[in-house]
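Subject: Handing over the structure

Hi,

Here is the structure I promised to pass on to you. Please open it alongside this email, and my notes follow below.

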Amino acid sequence: MRFNKVLTVLLSMLLVVSLLGGCSSSKPAEAPKTEAPKAEAAKTEAPKAEEKKAAGKMYIPVISKGFQHQFWQAVKMGAEKAAKQYDVEITFEGPESEAQVDKQIEMLEAALAKKPAAICLAALDSKAAIPLLEKAKAANIPVVGFDSGVDSEIPVATASTDNAKAAGYAADKMAELIGGKGEVALVVHDQTSATGVGRRDGFANRIKEKYPDIKIVDIQYGGGDHLKSTDVAKTIMQAHPNLKGIFGSNEGSAIGVLNAVNELKKDGKIVVIGYDAGKQQKDAVKSGKINGSITQDPVGIGFKAVEAAVKAAKGEKIEKNIDTGFKWYDKTNMDGEEFKPLLYD
Amino acid sequence: MELGMNLKKPLLKSDATQKLLAFAGLIFLFVGFSLASPNFFKFDNIVSIILATCVNGVLALGVSFVIITSGIDLSIGTVMTFSAVMSGVFITFMKLPIPIGIIGGILAGAACGIVNGVTITKMKIPPFISTLGMMMITKGLSLVISGTKPIYFNDSPFYRQISVGSILGSMIPGFEIPNAVLIFFAAAIIASILLTKTVLGRYTFALGSNEEATRLSGVNVNFWKTTIYTLCGAYCGLAGILMSSRLNSAQPALGQGYELDAIAAVVIGGTSLSGGEGTIIGTIIGAFIMSVLTNGLRILSVPQEWQTVITGVILILAVYADIVRRKK
C-alpha cells in the first residue's frame, strides 16, 4: 500500500513535469530551415556568441551511441572543444552498449525535457527515435545528427564519415594488397546499425563492381566484442584455408582479426585491413601485422556536430551533410603530423 | 525435488544418464559438422573450439557450484571483467610482478564472491537480486577504475603467454595446445574434486536439496554458502585472467551477457536450476556443446541471426530432454 502511494506521487510529479515540458515550448529561436542550401556556412559567429552569453549559456545535450569506447571519448573531446570555443554548455552521454536502443531513447526524452537550444544525436536506431524527433521539431529544437546520423528528414545537419565511401576505399586497398584476386572475408560489428551496414555494403559492393576475380566468401558479425570477434575470425580462417584477406569493420573487429592471425600463426599470409584506431590497432599497423586501416575523424565529428548545433540554434544556415572525412593509414604514413589528432589510443 | 536426506543414490544414477545424453548430443554435433564441412574436423579448428570454450567454461565451472545450491550468480560476467581490470591495475599501473597480478585478479573476483555471499546470507537478499546488484557494481567499478579505457599488458609480454602460449607445444613440436586449455582442464579437475570428494561438495548438494534440513542437522549454512559464492568469484577471476591475457588487454566494457552463456552451459549440462543435482563433467560438456555449435554454424556460414535462434532451440531441447528423463 505504502509503495502504491509513493508510486502515485511519483507518477503525478512526472506527469506535471512532462506537461510543463510539453506546453511551454516558448523558446524564441526561429524555426530552423530544414532545407538549408549547401555551402556558405557563415563564419561570423563571434559577436553573436557574446549576445548569447548575457542571456545565459546555450545548452546542447550530446547523445552518443556509447561512452566507454575510445572512439566516443574522442568524439566527446571534440564536442567539448567546440563547446569551449562557442561558449555553450554541453552534456555528453550515451548508453553502455550499442544494443541499448531503449536506454538511448530515455536519454533523448530526458534531454528534450530540459528544453535545450539544440540536440546532437547519434541514433542507435533511427526509426525508434522518430517520434521524439518530431516532438523536438514541434518544439523548435533543431536536431543535429552525428556519426551514423539519423535516418530521417528532421535533422538539420549530419556530421559523419561517409562509411560506404571509406569502406569502398578499404576494398580498393584490399584488392591492391592481395593482387586483385582470391578469397576475402569480413568481420563486421553488427548487421543493423548504419555504420555496420554502410561499411559492410560499401566494401562488398566495391569488390563486386570492380574486382570480378575477388570473391567474398564470408561475412560474420562479432558485435564489436574483442573476444567474440577473435573466435569469429578464427572460424572464418579455418573454414576457408585459401583466404587471402580479412576486413575488420571497427576497432573490436579489427583486433579480433589480428588476434586470430596471431593465434593461427598466419602473419604475412593474410592481409588484414582494419577500421578506426585504438592503441592495439595502432601498434599492429606500425608493426605491419595489420596492413592498414581506415580512420575516421572522431574529434572532428564531435566538434562539427556541436558547431552545427550552435549555428542551427541561432538560425544560421548550415550544410545538410557535413562530411568529416576519412584517411587511410599504414606503417609508412601513420607517424605523420596530420594523423596525431585522428589516431586516438 | 529429491527427498532431502536420501541424497546419494538417486543422484548417481540420474547423473550417469544425463552425462550420456549430453555427451551423445556433443558427439552428434561433432559428427554432423564434420560431415557438413571438411574444415571442421581439423586439429587447428578443434584447438580453436577448445580455446573458445575456456572463458565461458571457467565461468560455468564456478557458477555450477552456486546453481547446485539452488542459487544463481548473475554477476559472473562483470566480476570477470572486474578481475581482469584489477590484474591490469596491478601489473600495468602498479608494475607488480605478473604472478602477484594474477593472484590479485583472482582474489578481486573472490572478494566480490564474499560480498555476494554476505549479502545473501546475512542481509537475506535473494541471490538473484544481490548478484544483479553486484553485476552493476562491478560493471561500473571496472569502468571507473580503468578510466573507461582498456588497460594493456604491452610491458609484460609474458602475460599474453598465459593464454596463447603453449608449454605443450614447446615440449612436443607440433602439439600446439594453448596454455589456456590446460588451465581450463586443471580448473575443471579441481572443481570436480571439490564437488565430489570434499565436505564443500557434500554441503553444496545438501544446500540445494534441502537447505532447512541441512541447517537443522547442524551445518553452518551461512558459512558454506558464502564459501561457495567466494569460490565462484575466484573462478570468475581466473576467467578474467584468461580473457585479458588472450586479448592482451583488460577491456572494461566487455563482460555483460557472458553470465547467460555460462548459465546456459551449466543447464545444458544437466544441472537443475532448482538445485541439488549437477556434475562438473556435465557443465564441461554443456560448455562444449555451445562452442561447437557456434563454431560449426560459423564454419558453415550460417547467418549469425540464425545461429542465435538455433542455440536457443538447443537450450530448450536440452532442458526438455532432462525433464522427460526425470519423469521416467
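In strand 10 of chain A, A:I294 is the bridge partner of A:Y275. Strand 10 (residues 292-296) of chain A and strand 9 (residues 271-275) of chain A pair in the parallel sense, over three bridges. Helices and strands here are DSSP runs (H or I, at least four residues, for helices; E, at least two, for strands), numbered from the N terminus. Two strands count as paired if DSSP finds at least two bridges between them.

Before going further, please note that this is a predicted model: local features need pLDDT of at least 70, side-chain atom pairs count only at pLDDT 80 or more, and totals for chains, interfaces and linings use all residues. Residues are numbered from 1 along each chain as its sequence is written, while chains are lettered from A and ligands numbered from 1 in the order in which they are written.

The sheets of chain A

Axes are lines fitted to C-alpha atoms (for helices, over the stretch in contact), and angles run from 0 to 180 degrees between N-to-C directions.

Another open sheet of six strands in chain A has parallel pairing and the order 2-1-3-4-5-11. Strand 2 (89-93) and strand 11 (321-323) of chain A each have a single partner strand, so one side of each has no neighbour in the sheet. Neighbouring strands of this sheet are turned against each other by 15 degrees on average, direction ignored.

Within this sheet, strand 3 (residues 119-121) and strand 4 (residues 143-146) of chain A run parallel and are joined by three bridges. A:I119 stands opposite A:V143 in strand 4 of chain A. Helix 3 (residues 70-86) of chain A packs on the sheet, where it touches strand 1 (59-63) and strand 2 of chain A, and its direction makes about 170 degrees with that of strand 2 of chain A. Touching, or contact, means that the C-beta atoms of two residues, placed from the backbone, lie within 7 Å.

Strand 1 of chain A pairs with strand 2 of chain A in the parallel sense over five bridges, and A:E93 in strand 2 is the bridge partner of A:I63. Strand 1 of chain A is mostly covered, with four of its five residues buried. A residue is buried if 20 or more other C-beta atoms lie within 10 Å of its own, exposed if 12 or fewer, and partly exposed in between.

A helix pair in chain A

How do helix 4 and helix 5 of chain A pack? Helix 4 (residues 101-113) and helix 5 (residues 126-138) of chain A pack at an angle of about 5 degrees, with their axes 10 Å apart. That makes the two helices of chain A roughly parallel, a label used for angles under 35 degrees. On the helix 4 side, A:V101, A:I105, A:L108, A:E109 and A:L112 meet A:A128, A:A129, A:L132, A:K135 and A:A136 of helix 5. The residues of this contact divide into eight nonpolar, no polar and two charged. Ala, Val, Leu, Ile, Met, Phe, Trp, Tyr, Cys and Pro count as nonpolar, Asp, Glu, Lys and Arg as charged, and the others, Gly among them, as polar.

Chain B has 14 helices and two strands, and 51% of its 328 residues are buried. Its C-alpha atoms fill a box of roughly 55 × 50 × 40 Å along the principal axes.

The contact between the chains takes 26 residues from chain B and 24 residues from chain A. On the chain B side, helix 2 (43-68), helix 11 (221-247) and helix 13 (280-299) each supply at least two residues. Helix 2 of chain B gives the largest share, five residues.

One residue worth a look is B:N116, in helix 4 (residues 98-121) of chain B. B:N116 is buried, with 31 other C-beta atoms within 10 Å. Its C-alpha atom is separated by 6.2 Å from that of B:T131, 15 residues apart along the chain.

Best wishes

Conventions. Angles under 35 degrees count as roughly parallel, over 145 as roughly antiparallel, 65 to 115 as roughly perpendicular and the rest as oblique.
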